[in-house]
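Reader: I would like to learn how to read a protein model feature by feature. Could we go through one together, with the general idea stated before each case?

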Amino acid sequence: MRDFLHIAIKIERIADRQYGHVTRQQLLELEVPSQTIVNWARTRRLIRVHAGVYAVGHQQHTGIARAAAAVLACGPGAVLSHDSAAALWSVREWPRLPETTTALHRRRRGIRSHRTATLATRDVRKHRNIRVTSPARTVLDIQPRLTDAQLIRAVNDLRLAKHMRPTELQRLLQASSRAQALIDPSQNATRSPMEDRFLAFCTEHHLPTPILNAQLLGFEVDALFPEEMVIVELDSWTHHREHATFESDRKRDAVAGEHGFLTVRITWDRLTRCEDEEAARLHRTLERRRRQQNGGS
């Protein structure tokens with residue numbers, strides 16, 4: 001009885017690390033006899049999820065648990081990849097079928113498995129106790145599935161979460177000409193699709209490139225044109241409908257004004273539906289400020 005309880009505790013600890021799962025090989029290494037494994041599966045103490053992978057006690061249905069089971073099913077060299085990796089890094093939704101990548105061909109029912117010969121050590125991480133492709137490799141794998149806007153957002157969300165450090169970002173840009181054309185590594189990571197759109201808006205309308213999410217006078221501003229001392233705040237109803245946020249923004253505008261900065265507020269509708277008019281207005285504002293800075297009228 002004591003030996004059985006000791007083994008049961010070990011199985012529980014393994015399952016806790018693996019989102020409720022244990023492999024047949026792990027059970028054998030704990031000296032659980034093959035016939036006992038068969039009996040436990042018959043009595044549903046173990047629930048078969050994939051060949052050689054069991055849920056302990058009850059089946060797990062969360063995306064991350066299904067992902068963990070898929071990696072276990074595909075063997076020691078397998079990693080979570082593609083949309084499943086992106087979901088683990090919190091930049092995509094969990095796909096219907098978990099996706100893995102291995103150096104060997106591992107066809108498993110209920111798993112979308114990819115084979116590769118180019119998975120280097122630097123392409124593999126362990127995140128939330130699951131082997132997974134690195135952020136850069138994940139983006140490279142899924143970029144054919146993404147629009148430009150989605151690709152920009154995925155990269156910047158990874159940067160904001162500190163998953164994609166500068167070295168990792170450079171690795172991505174070196175491997176993807178498409179990402180290189182869309183992402184400026186010298187720019188702070190954008191925080192929203194509206195900021196993404198504003199950067200593109202500045203490029204399309206030949207405006208100077210602003211500094212996004214710049215620190216100024218103890219505040220963070222959405223976009224700063226430092227030469228002209230112009231701040232652009234990108235207003236959305238979702239973000240600004242709370243009273244505290246509204247008041248904080250007005251305090252920031254007042255402090256900036258005391259120090260000679262002009263704040264311009266642009267809404268999503270004006271940025272997308274009246275962009276030519278908005279671009280012309282911003283051009284005039286920046287030109288007027290440049291003249292003022294140079295002592296002109």
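Reader: How many disulfides does the structure hold?

Author: Please keep in mind throughout that this is a predicted model. A disulfide is counted when two cysteine sulfur atoms lie within 2.5 Å of each other, and by that test the structure holds 0 disulfides.

Reader: How should I read a sheet, and what is the order of the strands in the open sheet of 3 strands?

Author: Strands of a sheet pair through backbone hydrogen bonds, and the pairing is either parallel or antiparallel. Here the open sheet of 3 strands has the order β1-β3-β2, and its pairing is antiparallel. The edges are taken by β1 (21-23) and β2 (46-50), each of which has a single partner strand, so one side of each is left without a neighbour in the sheet. On average, neighbouring strands of this sheet are turned by 40° against each other, if direction is ignored.

Reader: How many bridges join β1 to β3, and which residue of β3 does His21 stand opposite?

Author: The antiparallel strands β1 and β3 (residues 53-56) are joined by 3 bridges, and His21 stands opposite Ala55 in β3.

Reader: Is strand β10 largely enclosed or largely open to the outside?

Author: In strand β10 (residues 219-225), 5 of the 7 residues are buried, so the strand is largely enclosed by the rest of the structure. Strand β9 (residues 211-216) runs antiparallel to β10 and is joined to it by 5 bridges, with Leu216 having Phe219 as its bridge partner in β10. The hairpin of β9 and β10 has 2 residues between the strands, and Leu217 takes a positive phi near 55° there. Strand β10 also pairs with β11 (residues 230-235), in the antiparallel sense and over 3 bridges, and the partner of Ala223 in β11 is Val232. In the hairpin of β10 and β11, which has 4 residues between the strands, Met229 takes a positive phi near 55°.

Reader: What is the volume of the largest pocket, and which residues lie nearest its centre?

Author: To read a pocket, we can look at its volume and then at its lining. The largest pocket has a volume of about 440 Å³, and of its 20 lining residues, Gln18, Gln26, Val71, Leu72 and Gly75 lie nearest its centre. Helix α4 gives the most to this lining, with 4 residues, and the lining of the largest pocket divides into 8 nonpolar, 7 polar and 5 charged residues.

Reader: What is the volume of the second largest pocket, and where does the largest share of its lining come from?

Author: The second largest pocket has a volume of about 330 Å³. Its lining consists of 17 residues, with Leu182, Ile183, Asp184, Leu199 and Ala200 nearest the centre. The largest share of this lining, 5 residues, comes from α10, and by class the lining has 7 nonpolar, 7 polar and 3 charged residues.

Note on methods: Residues numbered from 1 in each chain as written. Predicted model: local features only at pLDDT ≥ 70, side-chain atom pairs only at ≥ 80, totals over all residues. Heavy atoms only, no water. Pairing = 2+ DSSP bridges. Axes fitted to C-alpha atoms, helices over the stretch in contact; angles between N-to-C directions. 1 Å grid on protein atoms, 1.4 Å probe; cavity = no way out; pocket = protein on both sides within 12 Å on 5 of 7 lines; lining within 4 Å. Points joined across faces, edges and corners; volume = space filled by probe spheres on them. Nonpolar A, V, L, I, M, F, W, Y, C, P; charged D, E, K, R; others polar. Buried < 20%, exposed > 50% of the residue type's maximum accessible area, 1.4 Å probe, protein only.
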